[in-house]
Amino acid sequence: MALTLFLLFLLLEMPRYRFSAFILGLMFILEVILLIRFVERTNRKLTRFFESIRYADFSSSFSDPGLGKSFEDLSREFNQVIEVFRKYRTEKEEHFNYLQIVIQHISIGILVFKRDGKVEVFNHAMSKILKIRNIRFISDLKIIKDELPSTLMGLKAGDSTLFKVFTGDELLQLSITATEFRMHGEDYTLVSLQNISAELDDKEIESWQKMIRVLTHEIMNSITPITSLASTVHDMTIRREDGKVKLNELDDEDIESVDSAITTIQNRSQGLLNFVEIYRDLTRIPKPNFRYFRISELFERCSLLLKPKIDELGIECSSKVFPPDLMITADPDLIDQVVINLMLNAIDAVKEVENPRITILATINSANRVIIDFQDNGTGIMPDIMDKIFMPFFTSKKYGNGIGLSLSRQIMHLHKGSILVRSKPEEGTVFTLVF
């Protein structure tokens, strides 16, 4: 273009070359037009490339044969970038389809909804459990039970609850767990739902069987001697003659035996009444009066109470709280009772071992929950009775009543916590309170 423009001005200075100058002028105009088209073509290619990325249309391809090596290189790079995006989108779609298949085929109901209640995911298991095909909003679950939508909407990350609902003639015991996440600038709640009716029924039956075994054992221990003694007293004092009931004459030795038998019957009857009263008390634990207090205060109260017994038996007892100002929300009186029960068990376990030692440690675990460990180097618990130690009235102690651990577990349950145990025979035991 520069050369054409130079020749054009040169020829315009020569009158006899006016026609040639005219031709050069047309050529210059044509070159300008071709340059404009060339630039627009490049801009259109760039625009098409960026639009393909913007709208995720990776079916486009770029080729400019005959425009030179630089344009061929540019087209090749465009095509490679498009291919990379195409592969990325394919992998993303495959991953999404994989997750969809997993979500739809797991046996746990999955429900994902936005803050406004709009449902995004409703898998087959959820549909099967609730016996409903599909829903668009959480409020649609009112056809199952009026309280269900508000229960689900009120769940926060980490919350879990049990929910009873009737579907047809079937009672469902639903275990509901929730978590929250953020995607594309919006908050979502994911709820997993599982029908645990069968598991709860099995546990309930197992609990009833254990309770009946304990009650039967305790009652038979009292009734058997009462029955035997009553029969002995009857044979010693009563006889039948001619269809009439008559009183036997008793000597001093017989009277003493009858008195002893009646006294034993009275004692065993009173023991049976006490047993029933204790069992009734297990179901009457007061509702916790929650307070926020330092764990160190808890240890101080219990140590002061048990110090005479610990000193008498020469037990090395230490307690640590980390961090030192660690606090819990609980009922101090009820938790005092739990700690005292565990300490008394530990004392009983170490009182006959060499160098008896009890260590108490309060800290925060990896799940950000407060835990208190009670560790001793005592005789340990035999594996065959580990699953029985929390049963009411089960005891391995000579003079135990078997209600301490059962009561402690119920108190921890009222605090939404738990009590765990690890033990090795002849090495020691660790009881852990989880708040």
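Author: One definition comes first. Lys and Arg count as positive here, and Asp and Glu as negative; His and the chain ends are left out. With that in hand, the whole chain comes before the close-up. The model is predicted.

By that count, the protein chain has 53 positive and 60 negative charges. Their mean positions lie 11 Å apart.

Next, the overall form. The protein chain has ten helices and 14 strands. Its C-alpha atoms fill a box of roughly 170 × 60 × 35 Å along the principal axes. The radius of gyration is 43 Å.

Now the surface and the contacts. The protein chain exposes about 28700 Å². Carbon and sulfur atoms supply 56% of that area. Buried residues make up 32% of the 435 residues. Take the contacts with a separation of 6 or more: 55% of them join residues 24 or more positions apart.

Is Gln 104 buried or exposed? Gln 104 counts as buried, because its relative accessibility is 18% and the cut-off for buried is under 20%.

Which residues does Gln 104 touch, leaving aside those up to four places away in sequence? They are Phe 122, Asn 123 and His 124.

How values were computed. Residues numbered from 1 in each chain as written. Predicted model: local features only at pLDDT ≥ 70, side-chain atom pairs only at ≥ 80, totals over all residues. Heavy atoms only, no water. Helix = DSSP H or I, 4+ residues; strand = E, 2+ residues; numbered from the N terminus. Rg over C-alpha atoms; globule rule 2.2 N^0.38 Å. Buried < 20%, exposed > 50% of the residue type's maximum accessible area, 1.4 Å probe, protein only. Contact = heavy atoms within 4.5 Å. Areas by Shrake-Rupley, 256 points an atom, 1.4 Å probe, with all protein chains shown as cover. Charge placed at Lys NZ, Arg CZ, Asp CG, Glu CD.
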